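Morning, everyone. Please look at the sequence and the structure on the screen, and I will walk through a few elements.

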Amino acid sequence: MERPSVRSAAVPAAVSGEGNRAVPSGPGSAPAPSAPGPAALVVVDELTKVYEPSPVWMRFLLRSAISEPVVALDRVSLSVPAGGITAIVGPNGAGKSTLFRVLTGLTSPTSGSALIDGVDVANAPRGVRAMIGFVPSGDQTLYLRLSCVDNLAFHGRLQGIPRLALPGRIAEVLELVGLSDAAERVGFALSAGMRGRLQLARALLGRPRLLVLDEPTAAIDPVGAYELLGLVQSVAAEQGVSVLLSSHRLEEIEALGNHLVLMDRGRIVYDGGLAELRRRWQRPRLVLRFVGVDGGRGAAALLADLDVELLPQTDLDDAEPLAPSPGVGEERVVVALGPSVTAGSVLARLRPLLPGLVGVQEAEASLRDVIYGVLAGTAGRAASSEADLGPRASLASTGRGDRGATESGMASDGSAGATSRRDATSTRAR
Amino acid sequence: MRSRVRRLLQFTGAFVRMGVRATFSYPLGFALFLATQVLSVVSFVFLAHYLRPSPAIGPSYLSFAAVGVVGNQVLLAGISGLSAELSSAIEQGRMEMLLIEPVSWRLLPVALAVWQILYRVGAALIVLLCAWALGVRFVVEGFPVVVALVAAGSAAGVAVGVLAGSVRVLAKRADPVATVYTLAASLLAGTFVPLNDFPEPLRVLAWFLPTTYLNAGLRKAMLPGSAGIYGPGAGFALLLLALFVALGLPLAVWVFGKSLDVGRRYGVLAGY
């Protein structure tokens with residue numbers, strides 16, 4: 001296949017099926033990545049980063065963290081539209097931070113290219129850094145003994161903002177993030193949410209074309225996080241800044257994201273709109289409440305040959321308001337329906353249990369579960385069928401990462417790892 | 001060219017201002033540092049009672065040691081000072097943010113060192129003032145050469161410091177270059193002990209250390225009756241330091257760049 005040009009902001013590569021950009025088949029869907037528009041600001045093409053164990057001479061300086069090569073990014077291709085917000089989601093180890101590190105020039109790619117406004121990050125990292133405002137996870141990068149103004153003045157000088165223009169620009173960004181009243185307060189006197197806003201102000205200081213936010217709300221309470229992300233949205237909308245953001249808090253992604261990139265083990269498993277993701281992957285659920293019968297075991301037996309999945313009880317504990325709390329002696333059974341199965345067909349199968357069925361409720365899966373479905377689906381395919389994925393599968397299955405797909409941690413409450421080994425605990429009724 | 005210089009000054013100025021703010025944020029730490037400088041001279045007053053003036057130490061041991069302390073301060077500004085700055089940037093997690101700014105990575109350690117140089121040169125002045133108050137007399141005519149020697153010595157220290165920094169960014173906590181240099185200089189550079197009676201092989205080794213010719217040059221420029229002190233004269237010392245800087249600084253900056261490239265490749269650049 002002819003390799004498409006990567007020097008243009010319009011990216012034909014993105015729609016070629018060759019790279020790791022497309023959505024592998026979901027329930028009843030064909031790969032259909034969002035094609036980048038002509039105004040893509042960031043164009044990543046076939047980007048691969050393999051972390052090698054450090055050479056022997058280097059181990060005298062610092063012990064190598066890995067003993068085998070780790071593919072952190074596996075031929076990733078994506079584009080970020082100018083002026084839009086792109087949310088990158090994935091469990092720990094998915095490659096989000098490595099992608100950000102490559103884009104900011106902190107890590108060199110093994111192969112492939114990444115262009116920001118047509119400038120190659122590998123060849124002109126300084127030029128690229130001048131276009132990027134970066135908000136790292138946590139607040140260690142602030143000088144906490146210094147005031148907001150001093151922090152911004154320091155970085156403003158590094159960014160080359162002219163001396164006379166700097167005070168005005170600092171006042172502007174502090175106003176923008178709502179910290180004007182705290183301008184002279186030192187970092188230690190700021191709340192976590194205010195520090196987050198100060199970091200955003202620092203990122204905006206040099207009028208970047210692209211804001212890269214690496215889990216910006218990780219250390220912030222939900223209210224602070226909500227305010228920060230509201231700011232990000234308004235900045236993107238009002239100043240035409242493109243935003244590339246990663247987060248473990250899926251409710252934030254849901255509120256922000258018009259463009260979602262889902263990554264797992266260095267690969268993009270979905271690239272498109274949130275609504276499209278739901279449309280393709282969401283499987284309706286039935287919450288059945290039984291009294292006086294062994295609902296779980298009975299349902300497993302009766303639905304054995306239907307394309308449904310019985311989810312374990314524990315799924316209800318951390319999941320969305322699926323159903324009211326069970327009453328005394330009540331058993332809840334959650335059935336995720338396959339694309340070809342209707343609620344009626346499930347109830348028809350459960351006829352012998354109907355005398356004990358005291359309640360039925362249909363519920364939407366949370367975004368976490370939708371994403372989990374995508375991740376579990378793609379991991380299963382990678383393991384079962386190399387042919388399906390072509391050359392990508394061989395990379396996916398060879399010594400990369402130390403984590404099985406079932407350990408993927410995506411939580412709607414912001415904690416990684418809350419959903420673990422669901423594959424192992426769920427009962428396949430298929 | 002002018003805009004590049006302006007940019008460089010702005011970039012360096014940012015670190016200097018940051019250094020000033022950081023230093024004076026801890027007033028007790030600053031006061032104790034000053035006290036240490038004063039005490040370092042005072043302690044030599046008593047030692048000087050037991051050491052008679054000789055050609056090897058010049059007019060007095062106090063003057064010999066005081067100028068040695070000054071030479072040491074100037075060189076260590078670039079070496080230990082830069083090492084401390086890099087260390088705190090790496091361990092406090094700020095290194096990543098510095099590297100993301102649109103600045104030259106190769107010049108980053110040089111800019112980081114500037115405040116430390118100014119700070120330690122200030123400390124060296126305090127040492128000289130104390131020595132003067134305690135009776136040491138200096139040759140005022142040698143002042144311009146002393147300034148040039150201090151400038152060249154600081155730059156030489158930066159060269160060694162950047163080389164040390166290039167190991168530091170990969171080794172994170174260990175600083176073998178600075179450690180080895182400081183140990184070697186404390187023994188061989190004639191800071192507190194005249195090199196006149198050292199065995200020849202050690203004296204040869206001493207010539208590999210810029211501290212040796214900085215100390216010798218400063219003593220011969222500043223102290224009357226210092227011709228018998230081992231080492232080059234002020235002019236020759238200045239030439240040697242300039243040569244060291246001309247060769248060493250670009251090499252160190254190049255090695256630092258290579259070190260960052262290795263860090264980028266193995267993904268260890270901003271970790272700790």
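Buried means under 20% relative accessible area, exposed means over 50%, and partly exposed lies in between, with a 1.4 Å probe and protein chains only. This is a predicted model: local features need pLDDT of at least 70, side-chain atom pairs count only at pLDDT 80 or more, and totals for chains, interfaces and linings use all residues. Residues are numbered from 1 along each chain as its sequence is written, chains are lettered from A and ligands numbered from 1 in the order in which they are written, and side-chain values use heavy atoms, with hydrogens and water left out.

Start with strand β6 of chain A, residues 132–135. A:Ile132 and A:Phe134 point one way. A:Gly133 and A:Val135 point the other way. All are buried. Strands here are DSSP E runs of at least two residues, helices are H or I runs of at least four, and both are numbered from the N terminus.

What does β6(A) pair with in the parallel sense? Strand β7 of chain A, residues 210–214, over 4 bridges. Two strands pair if DSSP finds at least two bridges between them. A:Ile132 stands opposite A:Leu210 in β7(A).

Now the open sheet in chain A. Its 4 strands run in the order β2-β1-β4-β5, with antiparallel pairing. β2 (70–81) and β5 (119–120) of chain A each have a single partner strand, so one side of each is left without a neighbour in the sheet. Strand β4(A), residues 111–116, is joined to β5(A) by 2 bridges. A:Ile116 stands opposite A:Val119 there. Helix α2(A), residues 96–103, packs on the sheet and touches β1 (40–51), β2 and β4 of chain A. Contact means heavy atoms within 4.5 Å.

On to chain B. It has 10 helices and 0 strands. Of its 272 residues, 53% are buried. Among its contacts between residues at least 6 apart in sequence, 77% join residues at least 24 apart.

One helix pair to finish. α3(B), residues 61–91, and α9(B), residues 210–222, pack at about 135°, with axes 9 Å apart. Axes are lines fitted to C-alpha atoms, for helices over the stretch in contact, and angles run from 0 to 180 degrees between N-to-C directions. That angle makes α3(B) oblique to α9(B). Under 35 degrees counts as roughly parallel, over 145 as roughly antiparallel, 65 to 115 as roughly perpendicular, and the rest as oblique. The contact includes B:Phe64 and B:Leu75 of α3(B), and B:Leu214 and B:Met222 of α9(B).
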